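Hi,

Here is the structure I promised to pass on. Could you open it alongside this email and follow along?

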Amino acid sequence: MTVAGLRSPLRNLLAGLISAFLLALPIPRIAAQMIQVMDPAHHHPAPGTKLTRFEEIDSGVYKGSEPRNDADYRFLQSKHINYIVAIKFLPLLDRLEVRKARKYGIIVIPVTMNASTFAPSEKHIRQILCLLSDRRLRPVYFHCSIGRDRTALIATLYEIYFLGVPPEKAHDEIKRFGFKESWTLSGLSNYLEKHAKFPWDDGKHTCKRFPLPSSDK
């Protein structure tokens, strides 16, 4: 057989070996890891945790998704978090979280806030922001269910009211925090568009101090 005749079988053998090697690679696992790095919705702050979109937006003020397992609470405990401001659709949905958090010495403060085509209550929004601005509660963690839309609105308003972020950057910030623009959530975006233009201290509202447990007073 000539040299030219040997080249074709060698090329086929080499191609087969390369294909077998590629097929043996853990492509799904690699792809999943890449997605976790690129998408904060799939990134967890510590091994075993299910928290997503975790971020410190100010000194001692953290935000993210609802804690689901013991690893989540241990992680929050490692950050010395004393209070969780839990943003719920409806009252009484906080009972399980209250029990779990208590095991780790964390107090849950539930606040009702809707996410729909209707704007959330200004009273509820200000209640959340009052809690987050209360330095007695820090370190504090706030969340909605998946740490995205309602959490993004609160985080953006916090930045504008307390960190000096210009109101004209409100849309960019809420998107950075993961807000999903949808007509079903237009109430949240409309609220931001309207209230980002007004100062926090408008002379009409005052924050009611959260009553700390007797052992902390």
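This is a predicted model: local features need pLDDT of at least 70, side-chain atom pairs count only at pLDDT 80 or more; totals for chains, interfaces and linings use all residues.

**The disulfide**

If you look along the S-S bond, you'll find an angle of -75°, which makes the link of Cys130 and Cys207 left-handed. Cys130 sits in helix α5 (residues 122–133), while Cys207 belongs to the segment after α8 (186–195), so the bond ties together parts that are 77 residues apart in sequence.

The two ends fall into separate accessibility classes. Cys130 has a relative accessible area of 12%, and because the cut-off for buried is under 20%, Cys130 counts as buried. Cys207, at 38%, is partly exposed. While you are on cysteines, have a look at Cys144 too: its relative accessible area is 3%, so it is buried.

Where is Leu90 found? In the loop between β3 (83–88) and α4 (95–102). With a relative accessibility of 52%, Leu90 counts as exposed, since the cut-off for that class is over 50%.

**Salt bridges**

Searching the whole structure gives twelve salt bridges. I'll go through a few of them.

- Glu66 and Lys88 pair up through their side chains, at 3.4 Å from N to O. Glu66 is in the loop between β2 (61–64) and α3 (70–78) and Lys88 is in strand β3, so this contact ties together parts that are 22 residues apart in sequence. Are the two residues buried or exposed? Both Glu66 and Lys88 are buried.
- Asp134 and Arg136 form a salt bridge at 2.8 Å, N to O. Here Asp134 is buried, with 13% relative accessible area, whereas Arg136 is partly exposed at 29%.
- Asp149 and Arg148 also meet in a salt bridge, at 3.0 Å from N to O. Asp149 is buried, with a relative accessible area of 8%, and Arg148 is buried as well, at 18%.

There is also a network to look at: Glu55, Lys63, Glu159, Glu173 and Arg176 are joined into one by salt bridges that share partners.

**A loop residue**

Last stop: Glu168, in the loop between α6 (149–162) and α7 (170–176). Glu168 is exposed, with a relative accessible area of 65%. How far apart in space are Glu168 and Lys197? The C-alpha to C-alpha distance is 8.4 Å, for two residues that are 29 apart in sequence.

**Where to click**

Cheers

Technical notes
Residues are numbered from 1 along each chain as its sequence is written. Side-chain values use heavy atoms; hydrogens and water are left out. A disulfide is a pair of cysteine sulfur atoms within 2.5 Å. Helices (H or I, at least four residues) and strands (E, at least two) are DSSP runs, numbered from the N terminus. Buried means under 20% relative accessible area, exposed over 50%, partly exposed in between (1.4 Å probe, protein chains only). A salt bridge is a side-chain nitrogen of Lys or Arg within 4 Å of a carboxyl oxygen of Asp or Glu.
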